[in-house]
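Okay, thanks for making time, everyone.

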Amino acid sequence: MASSDMSSSHRLGNDVAAIEEQIASLNHRLATAHPISGLPMREALLAQMKADRAGLLGAIAFADFDRLTAFDPALGERIFAASTSRLRSMLPPSRFVAQVDRGHVGLWFGGDVDEAAAHAELDAIGYALGEEIEDNGTVIIPQIKIRQARFDEADGIEAGAFVARTLASFTLATGATATPDQPVVDYAGLARDRYALEQDLRQAMSRRELRLEFQPLIDAGAGRVCGAEALIRWDHAERGAIPPARFIPIVEAMGMASEIGMWALNAAAREVQQWAAQGLDPLRVAVNVSGLQLERDDLPILVQRTLERHELGPTALEIELTESVATSDAKHCRRIFQELRAMGVKLAVDDFGTGYSGFSSLRALAFDKIKIDREFVADVDMRTDSQAICQSIVALGRGLGIRVLAEGVERREEYEWLRRHGCRHFQGYYFARPMSNDAFVAFVRDTARLTDLLRLGVTPDQIEEKLRA
């Protein structure tokens, strides 16, 4: 063989060997399983997407994976492994699945799948993956987020970029960062405690750790208790009583406001039913509704079903919303409010005066009651600025035919000033703190004490002296 032929053959052999090495390397990358999940890696998904050129991508985020691994890497990896094992057991043999990032899994449905069917499958997967996992005596309820997106190479986007864009949709703002002059903080410890609190909160209802307390609503004009505001309390099995200021923001951040809000609505309705059974005059219970609940189009239906379930008339219920929540989407709120008011349910705006939304919202949204915020009630007998604000709100309510309630009344002087300046409805520690249902019933029946509390020109010492007599 000529030397040139031998040289060409040698080069060809080298080229073939290089190609085979590249193919072997690629096959190795495609076949390699992630050490934690046991799933194929991102490259395998991208190769399948490129081969199909179009199809539907489902993305699953195990949202608490990074948080868990931040303070307990081993626990985070075990929970993630258990979750992905659960996922694999649910999927049909034809479904291609791969781990595409830390705590993120991609499902490829191909181009011939029906989007509605894929959506239903992803919904079922999300529900199942959210079931609790037990690890060495610790119960974890994973947080699962799901996205669904149509991929088509003809749109001019490369598969890798498409996957990255889909994963980016899971990202939320992380908030402010620490400044150099802040003291050293054990962020891992705070993260561990916050995560543990979230997990316990997810199970608080099933463990019967949540309860309601009731703070009386006073009609000074009629000289009686006209109802109560229902307030959620959490008695943790190990931590004891957890302040609402600590756990309510977590409820909202976790997206549990609708679930716990419905629990509170049903629990409050059940107590109102018991009040009637115990022979009390008709009373109304006020229940707070969050922004997340208000976003739901079916809120009026849920309220109606709750009233029917407990055999209550609509006048037994009052829905309370903060001013900022009630005016966040005026058009949507107006429709929801119209449906609730058509049922006969009363609506109250809480913390009035702090939302800076303008008095015109009262007329547009048709509230039945304004609650003057504690900020303006505190020391109103001594502060001319608060006096001007309270008088304006009382006059506004009178002009619009809306009841005005002063909340957070803690001193007799505050009550007397407000009463003399036209306010008729009250709530606050001066009358009673939030209390158990039994204590509330006893308070309603103690008409003599309330009469003394409402009498103008009588000092607290005189009231106590009369009660001791």
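When I say helix or strand, I mean DSSP runs numbered from the N terminus: H or I with at least four residues for helices, E with at least two for strands.

Quick housekeeping. This is a predicted model, where local features need pLDDT of at least 70 and side-chain atom pairs count only at pLDDT 80 or more, while totals for chains, interfaces and linings use all residues. Residues are numbered from 1 along each chain as its sequence is written, and side-chain values use heavy atoms, with hydrogens and water left out.

Now the overall picture. There are 20 helices and 15 strands in the chain. It has 469 residues, and 44% of them count as buried; buried is under 20% relative accessible area, exposed is over 50%, partly exposed is in between, with a 1.4 Å probe and protein chains only. As for contacts (heavy atoms within 4.5 Å), take those between residues at least 6 apart in sequence: 69% join residues at least 24 apart.

Next, the sheet I wanted to show you. It's an open one of four strands, in the order β2-β3-β1-β6, with antiparallel pairing; strands pair if DSSP finds at least two bridges between them. At the edges sit β2 (96-101) and β6 (144-152), each pairing on one side only. On average, neighbouring strands are turned by 25° against each other, direction ignored. For angles, axes are lines fitted to C-alpha atoms, for helices over the stretch in contact, and the values run from 0 to 180 degrees between N-to-C directions.

So who packs on this sheet? α2 does, touching β1 (54-62), β2, β3 and β6, and its direction makes about 125° with that of β2. The buried residues of α2, which spans 42-52, are Ala44, Leu45, Leu46 and Met49. Then there's α5, residues 115-129, which lies across β1, β3 and β6 and runs at about 155° to β6.

Seven of its seven residues are buried, so β3 is largely enclosed by the rest of the structure. In a regular strand, side chains alternate between the two faces of the sheet. Here His104, Gly106, Trp108 and Gly110 point one way from β3, with Val105, Leu107 and Phe109 going the other way. On one side, five bridges join β3 (104-110) to β2, and Gln99 stands opposite Val105. β3 also pairs with β1 over six bridges, antiparallel, with Ala59 opposite Gly106. The β2 and β3 hairpin has two residues between the strands, and Gly103 there takes a positive phi near 70°.

Last bit: aromatics. Rings of Phe, Tyr and Trp (its six-membered ring) pair if their centres lie within 6.5 Å; planes under 30 degrees apart are stacked, over 60 edge-to-face, and the rest tilted. That gives 14 aromatic pairs. One of them is Trp275 with Phe440, tilted, 4.7 Å centre to centre and 40° between the planes. This pair links distant parts of the chain, α9 (257-277) and α18 (437-445), with the two residues 165 apart. Both Trp275 and Phe440 are buried. Another is Tyr430 with Phe431, edge-to-face at 4.8 Å and 75°.
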